[in-house]
Amino acid sequence: MINRRTFSKAVGLGAGAAAVSLTGPQTQASAAQRPSGTAAPTVPTIAAGTHTEFSTLQHVKAGVLDVSYAEVGPAHGPVVVLLHGWPYDIHSFVDVAPLLADLGYRVLVPYLRGHGSTRFLSRHTPRTAEQSAIALDIIAFMDALKIEKAVLAGFDWGSRTADIIAALWPERVKSLVSTSGYLITDRKAQLGPALPAVEHNWWYQWYFATDRGVKAMENVDQRIALCRYVWTLVSPNWDFSDATFARTAEAFKNPDYAAIVLYNYRWRISLIEGDRRYDRHERKLAAQPPIGVPTVTLDAALDPFTAPGDGSAYRSHFTGPYLHRTIADIGHNLPQEAPTAFAQAVVDADHLRR
């Protein structure tokens, strides 16, 4: 999930989360950051869970993958790519996507490598999951669909992926929505201990570092139970139904799911080395490059990984036009729990002036 270094000031799950719970979306912006003469449209308010399914899925060969993705909205509209996290899937955006499509956006929601019906094209491709590998998957996805530039928006792994593309390939990013802020992983910083409360929140990362954790992830039933438990911890106010979880849990049955998830978390804490083909990108990311594209960052007030919730921990990483909001009473899966707020952030990011 989240880069623990970014949130090393966290003080715990309960009191810390409550302390940043606000009465509504909070915005920090200057008038100069607004585009002159054009106002961002207001996204209609809908209840979470209004939509349950994407009507159809499409496939495209992109890089090393056959990417499965949902697409809604007009074919020639401005493109938005929505990127999910772990342990989630494209249904995190099942309400967000139609809201944006109704405003004229072409919305693409791909399954990341190892998730859902996305598959590797070759059995010989190493099942690695460095942060740059996932970002390059999305670059290849955009190339395959002949998309030169898009608004990128995500949470968790999706935020990290979008952040990386914005930092290393800013010419491909019109604007950015990054939940939990700047999530580019600094592996060297990950080697040091964090505060006890932060380490506690990362329990599953240490579990995946053990043989027991590996065996649990490699067993489909046990991995699904683990993922459901994570949902309850990181979204304490989200009363999701069995059917809602079951829809997403289908994505965890991908034959490469365990390998990809285990690789990603073990790689982050340097238990394994990455594929050398990604080394040059990872060297750039180790320097924690700034992000200059127009950006809206979101913090979910009840997300145990978000502290202090006002964006101050990562503000210096964003050098372009910028807005920050903290969304009250919402947990880690922000787009699915608060689809209107997330969709509004996408629209507002698209209307920020460079």
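1. Buried means under 20% relative accessible area, exposed means over 50%, and partly exposed covers what lies in between. The coordinates are those of a predicted model. With a relative accessible area of 29%, Arg228 is therefore partly exposed. Asp242, at 56% relative accessibility, counts as exposed.

2. A search of the whole structure finds nine salt bridges. Side chains of opposite charge can pair when their charged atoms come close.

3. Another of these contacts joins the side chains of Arg113 and Asp137, at 2.6 Å from N to O. Are Arg113 and Asp137 buried or exposed? Both of them are buried.

4. A further salt bridge is formed by the side chains of Asp275 and Arg277, with an N to O distance of 3.0 Å. Asp275 has 16% relative accessibility and counts as buried. Arg277, at 46%, counts as partly exposed.

5. Strand 8 (residues 295–300) is mostly covered, since six of its six residues are buried. The cover applies to both faces: Thr295, Thr297 and Asp299 are buried on one side, and Val296, Leu298 and Ala300 are buried on the other.

6. Which strands pair with strand 8? Strand 7 (residues 173–179) runs parallel to strand 8 and is joined to it by four bridges. Ser178 stands opposite Thr297 of strand 8. Strand 9 (residues 322–327) also pairs with strand 8 in the parallel sense, over six bridges. Here Leu298 has Arg325 of strand 9 as its bridge partner.

7. Strand 2 (residues 65–72) has six of its eight residues buried, so it is largely enclosed by the rest of the structure. Strand 1 (residues 57–62) runs antiparallel to strand 2, and six bridges join the two. Lys61 stands opposite Asp66 of strand 2. The hairpin of strand 1 and strand 2 has two residues between the strands, and Gly63 takes a positive phi near 65° there.

8. Two bridges join strand 2 to strand 5, where Arg119 is the bridge partner of Asp66. Four bridges join strand 2 to strand 4, again in the antiparallel sense. In that pairing Tyr69 stands opposite Pro110 of strand 4.

9. The largest nonpolar core holds 106 residues, of which Leu82, Trp86, Leu100 and Phe342 touch the most other members. Helix 11 (residues 257–268) gives the most to this core, with eight residues.

10. The largest pocket has a volume of about 240 Å³. It is lined by 15 residues, and Arg187, Trp267, Asp279, Glu282 and Arg283 are the closest to its centre. Helix 5 (187–190) and helix 12 (279–286) each supply at least two residues of this lining. The largest share, five residues, comes from helix 12. By type, the lining residues divide into three nonpolar, three polar and nine charged.

11. The second largest pocket has a volume of about 160 Å³. Which residues lie nearest the centre of the second largest pocket? They are Ala48, Gly49, Trp238, Thr244 and Gln336, out of a lining of 15 residues. Helix 10 (residues 242–249) contributes the largest share of this lining, three residues. The lining of the second largest pocket divides into four nonpolar, eight polar and three charged residues.

Conventions:
Residues numbered from 1 in each chain as written. Predicted model: local features only at pLDDT ≥ 70, side-chain atom pairs only at ≥ 80, totals over all residues. Heavy atoms only, no water. 1 Å grid on protein atoms, 1.4 Å probe; cavity = no way out; pocket = protein on both sides within 12 Å on 5 of 7 lines; lining within 4 Å. Points joined across faces, edges and corners; volume = space filled by probe spheres on them. Nonpolar A, V, L, I, M, F, W, Y, C, P; charged D, E, K, R; others polar. Core = buried A, V, L, I, M, F, W, Y, C linked by side-chain atoms within 4.5 Å. Buried < 20%, exposed > 50% of the residue type's maximum accessible area, 1.4 Å probe, protein only. Salt bridge = Lys/Arg side-chain N within 4 Å of Asp/Glu carboxyl O. Pairing = 2+ DSSP bridges.
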